[in-house]
Each structure stands twice: as structure tokens, then as C-alpha cells.
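I opened my notebook to look up a few local features. My entries follow the structure.

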Amino acid sequence: MGEVRKLQKKLRQIENLEIKINLSPEEKFKISRKAELRSRLAELQLQLSGPQQTLGIVGDGNKEKMKRQVQHALETLPSQTPPAAKILKGETESKAAGTPEPAARQRVVAPPAGSEVPPQSRDKSGCSPEQLLQQEEAEFSTLKTSWEKARFRLRLLEGHSDIVTSVVAVDNLVVSGSRDTTVKVWHVPTATEQKNLGGHTGGVTCLSVPPPEYCKKLAWSLSLSDKERFILSGSADSHVKIWALSIGQCVKSIYTFNVVTALCFAPEGDGYIITGSDGGKVQAWSWHTFQNCQSVNAHQEAVSSIQSQGPLVFSGSVEGGVSVWENQCSDREPLKLLHHWSGQVTGISGGSDGRLKLSPRGDRVFLAYGRAWIKILHWRTGMISRLTNHSSITGVTDCVHQTGGLLIGSCYDLANGESSLNLFSLPQCRYLASLSWPDAPRILCFATWTTGSGDHRWVTGGRDLIVWEQLPSSGKQRSDVTVKRDFGMESTLLESEGDTEEDEETDDYEDNEDEGTGGGGARPEGGEEGASGSWLRCVLQ
């Protein structure tokens, strides 16, 4: 396993280095060894695990009969994210009642066949636990079948000259930000570039879309149409820019004094722009005055992700820490820290490789951190669950996203360069299917929306910007996407009290000496070689 871990580390470094624009001779030599290292890693994996077939095209009758080996628990959360008021109310109630048992540990035990179910064991609908389990299984089976028949058309959006770091969707438009310093607006029905928004002098790192009601307030103040939509962009040039989409102009530029690595819009009160910096700072800016309301040194390292959920704001950092804030809608210091969970608690300490991305849902936060799993933080209690997103430890999860009752995790295999999207049902987090296509690029960012008829529209970014258009399941048009099922992922949530053995192994080798890379050169001072291999640093360069 020691050699496997070293090879994984080298391949992770190579994948990150390939994102950089300017490479040193030593870095070029490392990249040249990519095929050799992949071949050796595949050979070692075969020796360790033996040949086995775990990935199959859906529709294979024999494989579809395979049953789950682990009993699945009913999830206690509702199928939709609860209203904002209930989120904070639930925290107060949980404190009064004591710390509840985490959802991943709860089990619903069906009574013996033929026995009567006590009235108190039935839910409000009058169903017994056994009936609830049967109903859930039937709903999941229907959902799984529908995704096995899913068909998509893929269209490439060409125009950026460098990697796409962030994407958002607004009505029939897709907005993308790139390290080439531009923000581009795309018309989805025609897959054409509509506007090129130039003005940043550094790479664009993040985008956010204010809700229509907040756009209307700003539009009135600028004497624009009340239907105007605005986009926020953050950049390595330390600016946040506000763009009016219809006119394609920057209407406001905020200098933050820090490289902006993450941002979100908090739709509470008069509205706030929340930014994160490369130094770990979280800042709040008034949507009304565009003045700084608060500046907090919240994290030890760069803030890599910020998301809002009702009155709550979640920030995640590359050192693995996650903070939960309550937006109190005040003119001064609106963010009140509710919880901070360190990298030791999340089990990501030193292992995110500059790629921690979060997606909150109710009491849980889904964490993508550059490994084969998606961590699930129960943010009220600090308990951690783990969801398998790749059947091999060579898998890398770059981003995680939710849309309706669906959890989507990107997956990239370091050993063979294959990329896919894995789908899970919510709130149970049960694996549905994997979507892939020939020569699929690594997916670094993701956005979704649905049409009026309920069909899915997705956009993925990285080296390529691709729009996914769901096709009718009964149509004759050929699908560009292959639906597969990875039976190695047929498992329920894994509970953990801190790092599991696998996490300890993968986190450990990140700091190992990168032996055998050739060149014979001395390592730069201050650990710069490790820093140069960080995904976030490579994106900013």
C-alpha cells in the first residue's frame, strides 16, 4: 500500500500542475511521467484486489439482480430543505432535548411478520415502519429506473482560453468565469456566446447570482429595468464586480484588499455579499451601500467555498475546517459564529489539497475534498458520515451539487483519467447511477436548472465548458452520455468517529517526500514544492 499511496500522491500533483500556465523544467518532467505512473498504479491495484468486474452498462439483467448488502436506514430529514425559520428553531429544540442520535446511526426495525404494530409505532399517515420501508424502497426503485433510462445531449461552449473555474445558471443563460480573467454569458438554446464581460485583471475564481427581488432593488437605484439580472464575480485581483446582464456592463466594483477565492449572496434583510479570501478571511458587504460590514479571520488557510441557506452561511477552508454563521441582518458585524468544526473533526485535516467544496442541506453539509468519498457533516453535532463516490481510492471528487431530490458528485479517476458524474437520491443518499461519455474532461464546477417541463439542464466546467440537455427517454435522438452502475458503490453511509483507516492513509501520504521525480534539483525553501502542487494555488497562478 505504501507504493500505491506514493503513486497516488504523484498523480495528484501532476493533475494539479497541468492546470498551471507556467511550468518549471522539473514540473514538465513530472508531467511527462504521467502515463508511466498510471500504468504502474493500475498494475499494483490489480495485484492487490484481483481482477473484478464492478462497472456495468445498465440493462444487464444478471447484474441488476444484485442486492444491496447493507440495510439502509430511513432518513429523518424531510425531502426538501426546511424553511429558514425552522433551521434555527430546530437547533434550539435539539439543545433542549439533548444531542440526538445522528441520522446515519438510526435504524427502523420492522416487526416480525404477522405481528400487530402498536399504534404508537405508526407515523401520522398510519403507516407502520415496515410499510414505510416498503414505500421508500418502491419510490427509490422507480427513481433508479428512470435514471437508468436517462438520455442527454452534450454541447460544447467554446470561447474561454483557459480553465473554467465557476459556472452559474440564470434563466436560459449560463454564466462562466475563467482563469483567462473573463466572465462570459452564453445563450443555452443556441449554445452561443452572448456577451464577454472583461474587466478583471486576475483570474475569475467564483460567481454568484442574487435572487430576482434583490436584483430589482439594485436595478431601481441604477434606473434600469426591474427585470434586470445581476451577476457577482470574484477574482484573484481582489475585486468583486457586479455585472448587469442585459447591458453587459460592470455597474459596481468592490475592492476587498484580499484575493477573493469564494463568494455567495446572502438573501436576508437588505442582502449581503459574503466573500472569502486566500488568507482565511470571511467578509460581509452590504448590498445596499456596498460597504464592508464585517471582516473575520475565520480560517487558518484559504476559504475555498461559501454557501448560504436561509439565515445561515457556511464557509469551508482548504485546511478542512467548516464554519456555520447566522446572518443577524445588522449594519455592523451581521455574521454570528454558531459552530466551527476543525479539520480534525471533519477528518479532512491536511487532505483537501486545496479543493474543499461544500453544499448544505438542512442539518447536513456535503463536503467534496479531492478524495474518493463525499463527507457529510452533521453541523449541529459535529458527527461525520461518509458516502462512497468512487469504488477505488484513486478517485477524486472535485465538486458536489444538489438539485431537487438529487445529489450529484463529480468523479475523476487518477489511474486512468476517466471522468463521470455520480447520482444519489436525497435525502437518503442512495446511489442511483453514473453518467459518463468518451474522453470526458475533469469536472471542476457545476450548475443545474430545470425546464418548465421538468427536464434537467446542467452545465459542467473545467478544461471544457459543456451544457447537458436531457432528452425524452422515448425519443430517437442518440444520447451522448452512457449510463452505468458501479456496484462497488452499492453501500449505505459509513459512520466515523474522526478519520477512518483509509482517510489516515490518504491524508498521510500528501506530506511524504515526492521521491523519484528526477531532475536532482533541491527542493525550494518553505515547502514551496508542496504549495505549487496545491489545486487552489495552481488555479490562481
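Predicted model: local features only at pLDDT ≥ 70, side-chain atom pairs only at ≥ 80, totals over all residues.

**Entry: a helix pair**

I looked up helix α1 (residues 2-17) and helix α2 (residues 25-32). Their axes come within 9 Å and cross at roughly 120°. I then checked the hand of the crossing between α1 and α2, and it is left-handed. On the α1 side I found Q13, I14 and L17 in the contact. From α2, the residues E27, K30 and I31 take part.

**Entry: an open sheet**

Next I traced an open sheet of 4 strands. I read its order as β15-β16-β17-β18, and the pairing is antiparallel. β15 (303-309) and β18 (335-341) are the edge strands, each pairing on one side only. From one strand to the next, I found a twist that averages 20°. I followed β15 to its partner β16 (residues 312-317): they pair in the antiparallel sense over 6 bridges. Here Q309 stands opposite L312 in β16.

**Entry: one serine**

I turned to S235, which lies in strand β8 (residues 230-235). Is S235 buried or exposed? I found a relative accessible area of 0%, so S235 is buried. Its side chain reaches the backbone oxygen of G202 at 3.0 Å. Leaving out residues up to four places away in sequence, I listed what S235 touches: H200, G202, G203, V204, T205, V259 and V260.

Key: Residues numbered from 1 in each chain as written. Heavy atoms only, no water. Pairing = 2+ DSSP bridges. Helix = DSSP H or I, 4+ residues; strand = E, 2+ residues; numbered from the N terminus. Axes fitted to C-alpha atoms, helices over the stretch in contact; angles between N-to-C directions. Buried < 20%, exposed > 50% of the residue type's maximum accessible area, 1.4 Å probe, protein only. Polar contact = N/O pair within 3.5 Å; in protein donor to acceptor, adjacent residues only side chain to side chain. Contact = heavy atoms within 4.5 Å. Left-handed = near helix turned anticlockwise from the far one by under 90°.
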